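Open the model in your viewer and keep the selection tool at hand. The tour goes from one stop to the next.

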Amino acid sequence: MKLENVQLNLDTELVLNVGDPIGKTNAPRCYNTLFERLNMNAIMLPCEIKKGQLPQLLDACHLMGIHYLCPTMPHKGDFVDLLDDVDETSRLFHSVNAIRMDDQGSHGAGMDGKGAVKAMLAGGAKLDGVSALLYGAGGISGVVAYELARHNVKKIYLANRTREKAEAIARLLRENTAAEAEVIDTAAAALDRAAEQCELFANLTPLGMKGFAQKHDYLGFVDRLPKTATVFDCIINPPLSETIQAARRNGLNTVPGMQMLVAQMDVIFAFLFGKTITDADKQACIQELCRFLGVSADF
């Protein structure tokens, strides 16, 4: 990536992708591709900050004139109480992944749920009036469930190994949306029964991700989904995850996780920079990510 848009002067905006560990983060590939395409004098760099050090980071940003942060795990929740204001979803589910700092203060927003639902809709998923089965109750599960409820999903089944986490999400959904929420366990029988009622399944766990030791114990419930159902996976690498492959073997509509990553660029760039991106810009992000990961973009 040449980044000929970067002038390396006092006007160059430094955008920090903050995590711990930050590892081989994918975000800078997308952001820097878009900065170049939009001719923005900006660059995103990964920044590894330990838990407990976020107040010092914000002080350093004020001192150095850094205006934009994009948190990833484990900091999405820790930033919320340090900011002047956050959007409703971030307040409810304690998660932000875009932060803008200006003369009016520090402003945070959680875009994971919006990105996931935008990708689902663009991928042909039916949401209005349907039931959905969500697997996992981790960092993005609450915000995805909330956005689905806002798009008139009538019932949400939450399957998680730790019931307490899923119950916390279900309670917030019942209190703040019109959706019915039911917590189920991850046993085959429970997943089978729920799948038969659902037009949407979403894997919101790292199960099946490259480098992650665990895989799904059971995916047979995918066979029980209606033939008109959509299967979504948040996993980026591999693009054709075990969940997506199981769905395609059954002829189901699928939305791979890479679509979620680029879909949220719309709302993130509008919130952070006041910029609009096109479908061609998103496709360029996918091409760059696939080149970086060494995978085919034909998925």
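Begin with the largest pocket, which holds about 1,600 Å³ of space. The model is a predicted one. Select T72, M73, P206, M209 and C234: among the 50 residues lining this pocket, these lie nearest its centre.

Now colour by element. Which of them gives the most? Select α9: its share is six residues.

Next, colour the lining by class. The lining has 25 nonpolar residues, 18 polar and seven charged.

Move to the sheet. Six strands make up an open sheet with parallel pairing. Follow the order β9-β8-β7-β10-β11-β12 across it. Stop at the edges, β9 (180-184) and β12 (253-255). Each has a single partner strand, so one side of each has no neighbour in the sheet. Look along the sheet to see the twist, which averages 20 degrees from one strand to the next.

Select residues 131-135 and 200-203. These are β7 and β10, running parallel and joined by four bridges. Which residue of β10 does L134 stand opposite? Pick A202.

Last stop: select residues 163-176, helix α6. This helix lies across β8 (155-159) and β9. What angle does α6 make with β9? The helix runs at about 175 degrees to that strand.

Note on methods: Residues are numbered from 1 along each chain as its sequence is written. This is a predicted model: local features need pLDDT of at least 70, side-chain atom pairs count only at pLDDT 80 or more; totals for chains, interfaces and linings use all residues. Side-chain values use heavy atoms; hydrogens and water are left out. On a 1 Å grid over the protein atoms alone, a cavity is a set of points where a 1.4 Å probe fits but cannot get out, and a pocket is an open set with protein on both sides within 12 Å along at least five of seven lines; lining residues have an atom within 4 Å of a point. Grid points are joined across faces, edges and corners, and a volume is the space filled by probe spheres set on the points. Helices (H or I, at least four residues) and strands (E, at least two) are DSSP runs, numbered from the N terminus. Ala, Val, Leu, Ile, Met, Phe, Trp, Tyr, Cys and Pro count as nonpolar, Asp, Glu, Lys and Arg as charged, and the others, Gly among them, as polar. Two strands pair if DSSP finds at least two bridges between them. Axes are lines fitted to C-alpha atoms, for helices over the stretch in contact, and angles run from 0 to 180 degrees between N-to-C directions. Contact means heavy atoms within 4.5 Å.
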